[in-house]
Number of protein chains: 2
Amino acid sequence: MLTTWTPAHMPEKEEIKIRLQTARSQLYDFQMKIKEHKIPVIVLFEGWGSSGKGSTIGKVIKNIDPRFFKVATMSAPTAEELRYPFLYRYFKQIPEAGKFTFLDSGWMEQTCKDCLSGEIEGEGYTQRIDSIRRFERQLTDNGYLVLKFFMQIDRDEQKRREKLLLDHKDTRWRVSDFDKWQNEHYKKCAKIFSQYLSDTNVSSAPWYIIDASDRKWAELQVLETMVSNIEVAMQNQAHSVPILQNVFPLEQIPRLSDIDLRDKTMDDEEYRGELKQLQSKLGELHNKLYRRRIPVIITYEGWDAAGKGGNIKRITEALDPRGYEVHPIASPEPHEKARHYLWRFWTRLPKNGHIAIFDRTWYGRVMVERLEGFCSENDWKRAYNEMNEFEKELKDWGAVIIKFWVQIDKDTQLERFQERQNNPEKQWKITDEDWRNREKWDAYEVAVNEMLQKTNTSFAPWHVLESVDKKYARIKALRIVISEIEKALKEN
Amino acid sequence: MLTTWTPAHMPEKEEIKIRLQTARSQLYDFQMKIKEHKIPVIVLFEGWGSSGKGSTIGKVIKNIDPRFFKVATMSAPTAEELRYPFLYRYFKQIPEAGKFTFLDSGWMEQTCKDCLSGEIEGEGYTQRIDSIRRFERQLTDNGYLVLKFFMQIDRDEQKRREKLLLDHKDTRWRVSDFDKWQNEHYKKCAKIFSQYLSDTNVSSAPWYIIDASDRKWAELQVLETMVSNIEVAMQNQAHSVPILQNVFPLEQIPRLSDIDLRDKTMDDEEYRGELKQLQSKLGELHNKLYRRRIPVIITYEGWDAAGKGGNIKRITEALDPRGYEVHPIASPEPHEKARHYLWRFWTRLPKNGHIAIFDRTWYGRVMVERLEGFCSENDWKRAYNEMNEFEKELKDWGAVIIKFWVQIDKDTQLERFQERQNNPEKQWKITDEDWRNREKWDAYEVAVNEMLQKTNTSFAPWHVLESVDKKYARIKALRIVISEIEKALKEN
């Protein structure tokens with residue numbers, strides 16, 4: 001894309017000046033529209049070292065109130081960040097609805113760096129491009145405006161600018177080793193950049209190549225592009241987004257009503273023996289996981305009072321508290337609700353070598369959010385694929401993913417509700433909301449069945465825990481966790 | 001403290017077993033009381049390497065629902081964390097009201113390590129102890145229960161345990177270099193530990209030395225101490241906390257009514273000239289700050305419509321967006337409100353070399369929170385000292401602190417409110433709340449005067465910006481920022 005690109009003709013100075021004034025005041029006006037329309041805007045600046053990414057951001061934000069934007073400078077990932085999936089540190093930065101995030105380089109620079117250093121190639125590169133395309137598409141599908149600028153300068157201009165910066169001790173830090181390397185290997189870099197731009201140039205988030213040879217002219221191109229994109233985004237906002245075809249291999253899974261619950265029991269003595277033995281086994285495996293740096297994600301969904309809490313406890317009892325975290329998922333806080341619904345899960349991922357247990361999960365999107373109308377029909381219908389993509393991302397990163405559905409029948413739930421209600425020490429576990437949800441059992445059953453069918457991928461299948469006898473369910477969960485971890489240890 | 005400590009007599013096995021059962025079930029019951037009473041609980045485990053800090057935490061949390069606690073393992077600070085004040089990574093971890101945070105080592109281990117390595121000594125050690133004592137006192141004053149356990153084992157026992165762990169490849173990682181070093185220099189370490197324990201053994205957060213030679217016995221001591229402390233904490237909750245005497249040097253500052261506003265003006269031409277020159281100067285200084293790794297904190301308080309936003313903009317226009325962040329402070333979100341009121345500022349501090357600008361600040365505690373009754377009288381009266389301590393901490397870290405009060409009179413505010421109301425493009429800037437606050441002008445004036453008198457410390461004094469003429473205020477702000485930064489560059 002870059003190699004065949006021809007810059008637009010640069011206008012006269014006077015014209016630039018006039019158009020700049022117009023564009024600046026338009027952007028100033030649009031910031032309030034963005035807020036009113038609750039559109040989150042990501043503005044990604046990529047490009048050559050010393051092409052003026054930072055200084056252009058500096059000029060653009062002058063037209064925006066500081067309450068409405070953040071600037072994130074994405075330098076090389078820290079050792080800590082390297083223990084998370086590639087997209088983690090970018091997903092963390094996405095803005096709230098109605099606000100801007102400006103990124104001074106991002107997933108393009110990192111990917112091209114990884115290509116140039118030989119860190120990724122072939123299959124690895126294809127996989128990276130896939131996840132980036134999914135990431136950007138998920139953002140735009142969920143109402144984000146994603147603006148991507150590539151700041152273009154030629155080799156001589158880059159050389160000249162680097163020299164200027166290097167000549168003074170206060171500006172020397174601005175020229176990174178990678179910047180210098182780029183200039184020495186300009187052609188090679190241009191080829192990689194160009195390939196990347198083509199590979200990620202999609203209509204919902206196209207690339208804008210900016211002629212950055214002149215600073216005012218660069219600013220003008222950026223501002224005018226932003227303004228026209230914001231206009232379009234406001235018009236498009238009401239549009240529904242196409243639901244994508246599922247591309248992931250799905251496994252058969254029985255409907256809830258076909259799950260046999262009654263003969264799934266275990267007597268006390270057998271339970272205690274098994275529990276002890278399995279927990280000690282899991283404790284050993286936890287050490288191995290840590291040493292081999294394998295991340296594990298265990299998720300729990302199920303009916304209220306199905307016994308999720310007690311089940312989780314039997315897992316965590318076996319684990320070293322330094323290496324796991326339980327995330328109880330309640331309704332989102334304002335700053336979470338204002339972002340992509342997966343944001344609060346992305347930001348709670350475990351480091352590699354650690355275990356994260358989610359007590360309720362992202363699947364709330366197609367259960368409670370669907371049934372209570374917290375999101376649109378288009379939103380939850382799209383979510384099956386989005387969640388499969390999310391889990392694919394985690395799988396590709398190397399995570400063990402274990403998804404539990406904890407199943408009981410309606411009568412068992414009633415018994416347990418009543419028991420909680422009548423026991424002063426357990427009353428806190430039961431709320432009016434639980435009773436209200438119970439009334440919607442049938443609607444939930446439809447939603448759960450659809451969810452199980454559509455998200456039972458071969459790389460992250462569901463496991464049903466029959467939990468009328470909680471002991472049975474706990475032992476079954478422990479066995480599954482152990483066997484999945486053992487599988488991963490063998491494969492890795 | 002450690003060197004003179006004599007362990008309690010260990011009970012018989014059978015007695016331990018019975019008492020353990022009682023203590024476990026008490027803790028289980030107390031978790032709900034903690035939630036009801038909204039008490040945040042910090043449980044800090046310090047002690048010798050291999051003394052069983054992690055495994056004891058593992059046993060204690062078995063009695064608590066995962067919704068109510070987090071475990072934080074504080075290993076050595078990352079390169080990123082080293083760019084923040086010492087307490088930053090600990091303050092970040094404090095729990096919400098009604099929840100527990102368990103820390104696997106913390107500010108004690110880090111401080112003793114720094115002593116043993118010679119990183120801090122003499123003056124530096126005294127300063128560190130001061131800030132730790134203030135930190136813990138601020139937590140307990142604000143309703144936190146702070147439990148500190150030191151896990152004690154003797155040299156032979158440590159040696160034996162380390163050997164066991166080192167013998168197996170899956171547990172080898174648990175023994176850090178520092179742990180091994182400790183055993184080789186046991187006496188030296190004991191002396192430093194003992195000194196630290198004495199220095200930080202205060203009645204509101206005393207040390208509990210735990211005989212950790214036997215694991216069950218250790219668990220029992222910890223559980224029983226937790227239980228009895230929680231009982232006391234619930235009884236003490238309603239108590240007011242003594243207001244501390246101010247110990248910081250205060251400077252004289254005029255009352256608002258004595259500030260002359262009318263002759264503080266500047267004509268357009270002079271303004272434009274000065275602005276350009278000062279901004280270019282500030283831009284240069286920003287580079288120097290970055291290189292010298294000096295953090296800068298600029299705070300704005302002032303009347304509604306005083307011109308804070310425009311003033312901030314004239315500062316940020318001069319800065320490289322990669323090196324500063326503006327934090328607009330609105331009312332706290334639920335997860336912020338549930339913590340110490342300074343938490344949301346601690347977590348927004350700049351890295352060294354960066355600039356953080358706060359549009360409204362922690363001083364909300366003694367203005368809006370005081371006047372609207374969002375905190376108790378005891379809370380806001382205590383806050384003057386707490387905020388001085390906070391700023392002292394930042395100053396000791398090496399930060400440049402510049403506090404602005406943007407001053408206008410009541411008539412000017414009315415004019416500006418009306419102008420905003422009548423201008424469609426500015427209407428978003430004015431809300432009913434602004435009008436309501438205006439009605440309380442006199443009460444605010446009393447509060448602001450008290451605030452200025454009590455927090456005008458010599459290390460972080462207030463600067464009044466006379467802003468009836470906004471141009472004058474902007475130039476004055478720029479000059480102050482430049483001169484304070486220049487001073488810091490000279491001193492460092």
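## Basis of the description

The model is predicted: local features need pLDDT of at least 70 and side-chain atom pairs count only at pLDDT 80 or more, while totals for chains, interfaces and linings use all residues. Residues are numbered from 1 along each chain as its sequence is written, chains are lettered from A and ligands numbered from 1 in the order in which they are written, and side-chain values use heavy atoms, with hydrogens and water left out.

## Salt bridges between helices

A salt bridge is taken here as a side-chain nitrogen of Lys or Arg within 4 Å of a carboxyl oxygen of Asp or Glu. Over all chains, 90 salt bridges are counted. One of them joins A:Lys281 to A:Glu486, with an N to O distance of 3.4 Å. Because A:Lys281 lies in helix α10 (residues 268–292) of chain A and A:Glu486 in helix α19 (residues 470–491) of chain A, this pair ties together parts that are 205 residues apart in sequence. Helices are DSSP runs of H or I with at least four residues, strands are runs of E with at least two, and both are numbered from the N terminus.

In chain B, B:Arg137 and B:Glu389 form a salt bridge whose closest N and O atoms are 2.9 Å apart. B:Arg137 belongs to helix α5 (residues 123–141) of chain B and B:Glu389 to helix α15 (residues 377–397) of chain B, so the pair links parts 252 residues apart in sequence.

## Accessibility of the partners

Relative accessible area, computed with a 1.4 Å probe on protein chains only, defines buried as under 20%, exposed as over 50% and partly exposed as in between. A:Lys281 is partly exposed at 30%, and A:Glu486 is partly exposed at 31%. By contrast, B:Arg137 is buried at 17%, as is B:Glu389 at 6%.

## A buried strand in chain B

Strand β4 (residues 145–152) of chain B is mostly covered, with eight of its eight residues buried. In a regular strand, side chains alternate between the two faces of the sheet. From β4(B), B:Leu145, B:Leu147, B:Phe149 and B:Met151 point one way, whereas B:Val146, B:Lys148, B:Phe150 and B:Gln152 point the other way.

Two strands pair if DSSP finds at least two bridges between them. Strand β1 (residues 41–47) of chain B pairs with β4(B) in the parallel sense over seven bridges, and B:Phe45 stands opposite B:Phe149 in β4(B). Strand β5 (residues 207–211) of chain B also runs parallel to β4(B), joined by five bridges; in β5(B), B:Ile210 is the bridge partner of B:Met151.
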